[in-house]
Amino acid sequence: MTEEMVLELENITKLYKSGRGAQDISFALAPGEVLGLLGPNGSGKTTTMKAIAGMVQLTRGKASICGVDVTKRHEQAMRHTGCLIEAPALYGHMTAYQNLKLAARFYKNIDDGRIDAVLRLVEMDKYKKERVASFSLGMRQRIGLALALLSEPRLLILDEPANGLDIEGMIHVRDIVKNTAEKGAAVLISSHLAHEIEQCATHAAIIYGGKLLCVEAMETILTSSPSLEDYFLAQVAKTRIQCGV
Amino acid sequence: MTALSASYRNEFAKLLSRKKYIVFLFIGLAICLIWAGLGQLLASFIKQSGGLSLVLSPTPMGMLPFFLQILVPLLMFMGISDLLTVEGADSTMRAMICRPVERWKLYAAKILAVVTYAALYLTSIFIICAILNLIFGKALSVTDLVLALISYALTLIPLAVLASFAALVALLGRSSTLTMFILLLSYLLLNVLPVFFPVLSEMLFTSYLSWYRLWIGALPGISKLIHMLAIVLGYGTVFFMAGSLLFDRKDF
């Protein structure tokens, strides 16, 4: 692992009381890379992302963002990070603008112009004065995306960003992910839809049963398999055989 | 410092964006007005009955015990419950956790925001009471006003301790209803216990909510004041540290 890595995970483990969670996850992300986390429901994708964002306490291991340890120096690490994890965390009784304003206060260089710009980017500028409680799931998802992009982060974490979005919305998210990576940010994106990952990620990681099965470049995957979906199924089948399931 | 002040401004903005806190502010002012109206009615009734000519209007010092013991703690419990238990339960806490701010700063900001609301509330009560006194014919002297102002300011210290206690309890509650129930029950117990066990009155932090009386009256002596201050600050430190530690280890 080199110094220029945006994200470095070293055997991060988070186990809940139920015994589920994510175990010994290790990978690194360089600027401009888009890593798609692929796995079935409950496989540990969201837990991994929450651990990176400091939302859950690690059982063991180390996560660093731009060389800064997330557990020890959360404040510094989060300066470089934008997250949309699970359903967008929005205050329903406040307007879209007010929700973004709350987040903007944490950064010195974010003014109203930047808030308007991200709202335009996610095509929600028309609704900025409306209360979030009146928004549909897709509209909330767009505001969540605007919140993640607000600080122009060097690491963008998106957990199932296409949830609740229509076809145009999904294409739009894909374009945003590609543009963000082209500007030099690293993107960690999760989905249970293989074709979504295939279309926007440069690398793919497969998580199954809380464990990381593999991390490969998309080019390598598509050379050995007809599609990411086939690759995923092959990896999962191999693991099941190894585990005797 | 940016993270702490940003969190503080956010938490205060979130509180004031909920209409109920503005409504409760007006309810407080309405109570003072009703009190003044009733006082005037009573005064005119006594005068008509051939009694003395009285001025019965709510003074800032006269109204303070009611607000300090009942309404302000209730509002603080609601505020703490909204900012900690509700945000934890509906996952909106994540919106702040994933921002560049240490958790203890976020936790402190929530307590500070609630104490600021209590200060705003008491300031409004102080101003309206002073105005009502002026309207109903007995303006307060500068000394009275200064003493009242000092009393109002002094109450903020034990109120901050009460907010830290409420925050610690709110972290343990899983729903706002349960949190409010536990807070109200414990507050009631903390106030009732010293009645039956007077020895506890000096040990419990809630006994010091009205400590302004000691500060502005005949001072009880420097050692007694240090003793009081140590108990209040000690409770505050323990509640804040315990809550901060719990908040730091919580998964969202």
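The mean pLDDT of chain B is 89, with 95% of its residues at 70 or more. For the complex, the predictor gives an ipTM of 0.89 and a pTM of 0.90. The model is predicted, and local features need pLDDT of at least 70, side-chain atom pairs count only at pLDDT 80 or more, and totals for chains, interfaces and linings use all residues. Residues are numbered from 1 along each chain as its sequence is written, chains are lettered from A and ligands numbered from 1 in the order in which they are written, and side-chain values use heavy atoms, with hydrogens and water left out.

Chain A contributes 31 residues and chain B 29 residues to the contact (heavy atoms within 4.5 Å). Between them the chains bury about 2700 Å², 54% of it on carbon and sulfur atoms; buried area is the accessible area (1.4 Å probe) that two parts lose on being put together, summed over both. The interface holds 3 salt bridges (a side-chain nitrogen of Lys or Arg within 4 Å of a carboxyl oxygen of Asp or Glu). Glu75(A) pairs with Lys105(B), with the closest N and O atoms 2.9 Å apart. Glu75(A) also forms a salt bridge with Arg79(A) at 3.5 Å, N to O. Glu75(A) is buried at 8% relative accessible area, whereas Arg79(A) is partly exposed at 45% (buried is under 20%, exposed over 50%, partly exposed in between; 1.4 Å probe, protein chains only).

Within chain B, Asp82(B) and Lys20(B) meet in a salt bridge of 2.9 Å, N to O. Asp82(B) lies in helix α3 (residues 60-89) and Lys20(B) in helix α2 (residues 19-48), so the pair ties together parts 62 residues apart in sequence. Asp82(B) is buried at 6% relative accessibility, and Lys20(B) is partly exposed at 34%. A network of salt bridges links Glu11(B), Lys14(B), Glu87(B) and Lys110(B).

Trp211(B), in the loop between α7 (176-196) and α8 of chain B, is buried at 1% relative accessibility. Not counting residues up to four places away in sequence, Trp211(B) touches Leu154(B), Thr155(B), Ile157(B), Pro158(B), Met228(B), Leu229(B) and Val232(B).

Notes
pLDDT is the predictor's confidence in each residue, from 0 to 100. Helices (H or I, at least four residues) and strands (E, at least two) are DSSP runs, numbered from the N terminus.
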